[in-house]
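Biologist: I am new to this structure and would like to learn how to read its features one at a time. Could we go through them together?

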Amino acid sequence: SPLYIPNYNVTVAINGAGFNMQTGEPGGVLVMGGTEYHSIDHHGFFGLLKNGQAVIGTMNEYNTIYKGQVQEAISGFGTILVENGKIPEGLNDNELSDRASRTAAGITKTGKVVFLVVDGRQEPVSCGGTMAEIAQMMLEAGCVHAINLDGGGSTTDVARQPGDDELTVVSRPSDGFERS
């Protein structure tokens, strides 16, 4: 596809789906190079189709619409942040209102992908955000669809700085170090 470009020269990377910290097993769907390595669960997903289109969807949508068309996909982490240009009800519920490090993926009206990494749990340096605050940030970034990815100590942003040959951690992981 003219829209899908394999990136052999990585310039930025973020954490994605949750995983079992003892076994390393993904916490939901994992599709790489068109091969599904781990099946979808109830947390939904962020992915790229074989035609290059970015998608965010539910387990049902994956199984009934997208299965077999997905080139790359990871599991969400339980929360749709923006759906059809609106923030869903319930993002201020108690379990979602804690401030924490957060990572999110979104898609704009024109199909561009937006990634958001917010450091947290390190006051006074960073306080993180609630799910509602992260949803608002994604909406303000132009996202019509957005999903929460794994956060907390997993939240990490790695980039190649101008002039550097290596990638370095540019966020401040709340564990105090980048997870393996």
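**Reading the cores and salt bridges**

Modeller: Let us begin with one residue of this predicted model: leaving aside neighbours within four places in sequence, Ala104 is in contact with Leu81, Val114, Phe115, Leu116, Ile134, Met138, Ile147, Asn148 and Leu149.

Biologist: Which residues touch the most other members of the largest nonpolar core?

Modeller: In soluble globular proteins, nonpolar side chains tend to be buried together. Here the largest nonpolar core has 14 residues, and those touching the most other members are Leu81, Leu91, Ala104, Leu116, Ile134, Met138 and Ala146. Two or more residues come from each of E7, strand E9 (113–118), H2 and strand E10 (143–149), and H2 gives the most, with five residues. Apart from this core lies another, of 10 residues, including Val29, Val31, Phe45 and Val55.

Biologist: Where do the partners of the salt bridge between Glu133 and Arg99 lie?

Modeller: The closest N and O atoms of Glu133 and Arg99 are 2.7 Å apart. Glu133 lies in helix H2 (residues 131–140), while Arg99 lies in the loop between strand E7 (80–82) and strand E8 (102–108), so the pair ties together parts that are 34 residues apart in sequence. Glu133 is partly exposed at 29% relative accessibility, and Arg99 is partly exposed at 39%.

Methods: Residues numbered from 1 in each chain as written. Predicted model: local features only at pLDDT ≥ 70, side-chain atom pairs only at ≥ 80, totals over all residues. Heavy atoms only, no water. Salt bridge = Lys/Arg side-chain N within 4 Å of Asp/Glu carboxyl O. Helix = DSSP H or I, 4+ residues; strand = E, 2+ residues; numbered from the N terminus. Buried < 20%, exposed > 50% of the residue type's maximum accessible area, 1.4 Å probe, protein only. Core = buried A, V, L, I, M, F, W, Y, C linked by side-chain atoms within 4.5 Å. Contact = heavy atoms within 4.5 Å.
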